[in-house]
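Work through the exercises below with the sequence and the model in view. Try each task before you read its solution.

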Amino acid sequence: MSIKEADRANPVTAGESDPTRERRSLVKPSRIRQYEPVVIGTLSVMFVLTVWQLVANARIYSVLFLPGPWDVAQAMVKLFQQGDIWLDMATSGQELAIGYGMAIILGLVIGLLMGWYTRFQYAMDPIVNFFYSTPRIALLPLFIIWFGIDIQSKIAVIFLGALFPIIINTMAGVRNTEAALLGVARSFGASDALIFRRVVLPGSVPFILTGFRLGVGHALTGVVVGELIAARHGVGQLIAIAGQTFQTPKMLAAVILIAGTGMVLTTILQRMENRFQSWRPQIRR
Amino acid sequence: MYDRSAKLAANGVVIEYWMQRSRTLFTAVQGVDLVVRTGEFLAIVGPSGCGKTTFLNAVDGLIPIASGSLTLDGREISKPGPDRAMVFQQPGLLPWRTVLGNVMFGVEAQRSMGKQEAISRAKQQIDLVGLSGFEDAYPLELSGGMQQRVNLARALLTDPEMLLLDEPFASLDAQTREMMQLELLKIWSKTKKTALFITHDIKEAIYLADRVIVFTRRPGRVKKVVEIALSRPRDLRVKRDPQFLTYEDEIWESIQEELAVPAERLIAGMPAA
């Protein structure tokens, strides 16, 4: 039996004036309340699109200067009909998957080691701080010299972009382990390995996932800027060419693809964060 | 009433800290001599900062002693062991684990019990501390008193020979604290564990203990030992017993001498006697 059920079975705590109402707000929001965020969010998006469409329809500016959402939608459909987009998406997706995937693995390992071993942190701190305070995109010309204009140079810049926020957040998660919990674990004679697996690691998960989420933003920046500067294929390359040839609706359609990817990845990670934090009492205002 | 043989013996225990900032050696405890008898409930009271918690941490084996000897059943204490279990001032529960998972954490860390056995015995402990029905609740859903019950159950599940309690009720409100004291005595009389209880609450110490030890101010030493000859089982009314109040006066005066400020300025903070 959960504590919520216990409360329900024993509604003394609910107050005398209007117990049903009190309990509803504490235990489960009503149906409308539950969908409130989605409904209000959708209305807000529709409002912005409508205003945008109306302004565009007034045709104060030309389509190539200010296309409306409808123009962008049509451009999007056309993109997929022509079929080149698949190669661009595959290229960008591959860069993102490899670069971001490597950043997750290495960032996690380095971050955990830095958090757990103080001396390793002392050794790594100057290097991590150097790269974290440098816009990693500034290294792109170097990567082009090293790796050429194929996907390797983009993978490198995506990897470096996402790596450092992941390292720093993972390390912070380990370092933020409550001293009281460590004391309890030591008092019961827990081995270091057990402390790491059962106390430190689960406590760091929210920090780690935040690092992953921040990494997504940096990785997508790497994809777009990397391809804007020099690439053969890719969604960023598509944006660059469409922009240079004044195909503004097409350019915006590609931007929306990037934004959509970012939103999907961020949402997945947000869901994971919530799942790992299901032990936090849900208090709705 | 209890076996007179010593469970825990401290002889001239000195505990020192190296203070990194001032680069000085700080003496927290200076030559503590005491004995905790098997099955006894011993309480240590003292002015705040007198080193009583530090002493308890040394008994748990979390910090080393600089000199003297500290033995449990004649064996020198050097590190935490399954023969002792601590109930902490802060509950120290893993927030992502349920009550059941937290109660099991102690035996899990000691690797002293199989999982199935741990689950069924943990449920018994949860029952014993009055938390049945809350096995699947998370710590953040519990009140402070309930969290301390989990803290206690976690220690009891490891079946220690000696229970160490570090001001476990200090952060609870007055009513909850009294209820917890009553329940602790019930559990203690059932389990017959030797108990070493640290507190700054004189009434709590007298109510719970067979003997109360008063520490001096820092660096802490044993100043006074008071045998509490109140009959057991004790209910909360014993706190108004004239004998109880005599003990309280005696201990209060002993502690008061240790406080640097003149007595007149402390009258306001004196417990109602």
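**Exercise 1.** How many residues does the contact take from chain B, and how many from chain A?

*Solution.* This is a predicted model: local features need pLDDT of at least 70, side-chain atom pairs count only at pLDDT 80 or more, and totals for chains, interfaces and linings use all residues. Residues are numbered from 1 along each chain as written, chains are lettered from A and ligands numbered from 1 in written order, and side-chain values use heavy atoms, without hydrogens and water. Count contacts as heavy atoms within 4.5 Å. Chain B gives 29 residues and chain A gives 24 residues.

**Exercise 2.** Find the salt bridge between the chains (a side-chain nitrogen of Lys or Arg within 4 Å of a carboxyl oxygen of Asp or Glu).

*Solution.* The count between chain B and chain A is 1. Arg198(A) and Glu108(B) form it, at 2.5 Å from N to O. Next, see which elements of chain B touch chain A. β6 (84–87), α2 (99–110) and α4 (144–157) of chain B each supply at least two residues. The largest share, 5 residues, comes from α2(B).

**Exercise 3.** In what order do the 4 strands of the open sheet in chain B stand?

*Solution.* Strands are DSSP runs of E, at least two residues, and helices are runs of H or I, at least four, numbered from the N terminus. Strands pair if DSSP finds at least two bridges between them. The order is β2-β1-β4-β5, with antiparallel pairing. β2 (24–37) and β5 (75–76) of chain B each have a single partner strand, so one side of each lacks a neighbour in the sheet. β4(B), residues 67–72, pairs with β5(B) over 2 bridges. There, Thr71(B) stands opposite Glu76(B).
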